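These are my notebook entries on one chain. I list what I looked up and what came back.

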Amino acid sequence: MEKVIKSDAEWRAQLSPEEYRVLRQAGTERPFSGEYVDTKTVGVYSCRACGAELFRSETKFESHCGWPSFYEPSESQAVTLHEDDSLGMRRVEVRCARCDSHLGHVFHGEGYPTPTDDRYCINSVCLTLQPGE
């Protein structure tokens, strides 16, 4: 996979202010506000910053947490995981492996009835859904 590397100015020119805040500054959109929270459309979710395939609709599930939830990425190397001790708690940040943009966090062992018992809690603003794939 070819890495996407851009300057801060290039990212700011490409992304909307909200996209930039979440994808490049590790922000979070408000719960239940994102366009893909309740989406049931079949397709592929790609990184809004670089277009890399990240998740497929068949791994999306209802977690009722306020953000789109997936139980695994579309490929094992689509995302990278990083320890995140911000906000006074230990979490695991999820980033796009291709452009290193912040996507959200992954949680394990919450008891959801999924094959992995993982919940990739991803900001809608980080994703673009390509229906039908």
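UniProt positions are given in the numbering used here, feature names are shortened, and annotations may be inferred rather than shown by experiment. I worked on a predicted model, where local features need pLDDT of at least 70, side-chain atom pairs count only at pLDDT 80 or more, and totals for chains, interfaces and linings use all residues. Residues are numbered from 1 along each chain as its sequence is written, and side-chain values use heavy atoms, with hydrogens and water left out.

Entry: annotation. I found that the unreviewed UniProt entry carries "domain: MsrB" over residues 8-132. I read 11% helix and 34% strand for residues 8-132, with the end C-alpha atoms 33 Å apart. Helices (H or I, at least four residues) and strands (E, at least two) are DSSP runs, numbered from the N terminus.

Entry: strand 8. I checked burial, where buried means under 20% relative accessible area, exposed over 50%, and partly exposed in between (1.4 Å probe, protein chains only). Five of the five residues of strand 8 (residues 118-122) are buried, so the strand is largely enclosed by the rest of the structure. In a regular strand the side chains alternate between the two faces of the sheet. Here I noted Asp118, Tyr120 and Ile122 buried on one side, and Arg119 and Cys121 buried on the other. I then looked for pairing, which requires that DSSP finds at least two bridges between two strands. Strand 4 (residues 69-70) pairs with strand 8 in the antiparallel sense over two bridges, with serine 69 bridged to cysteine 121. Strand 7 (residues 102-108) is also antiparallel to strand 8, over five bridges, and valine 106 has tyrosine 120 as its bridge partner.

Entry: aromatic rings. I counted rings of Phe, Tyr and Trp (its six-membered ring) as paired if their centres lie within 6.5 Å; planes under 30 degrees apart count as stacked, over 60 as edge-to-face and the rest as tilted. My search of the whole structure gave five aromatic pairs. Tyrosine 45 and phenylalanine 70 have ring centres 5.1 Å apart and planes at 70°, so I logged the pair as edge-to-face. Tyrosine 45 is in strand 1 (residues 43-47) and phenylalanine 70 in strand 4, 25 residues apart. Phenylalanine 55 and phenylalanine 70 are stacked, at 4.4 Å centre to centre and 20° between the planes. Both phenylalanine 55 and phenylalanine 70 are buried. Ring pairs join Tyr36, Tyr45, Phe55, Phe70 and Tyr120 into a cluster.
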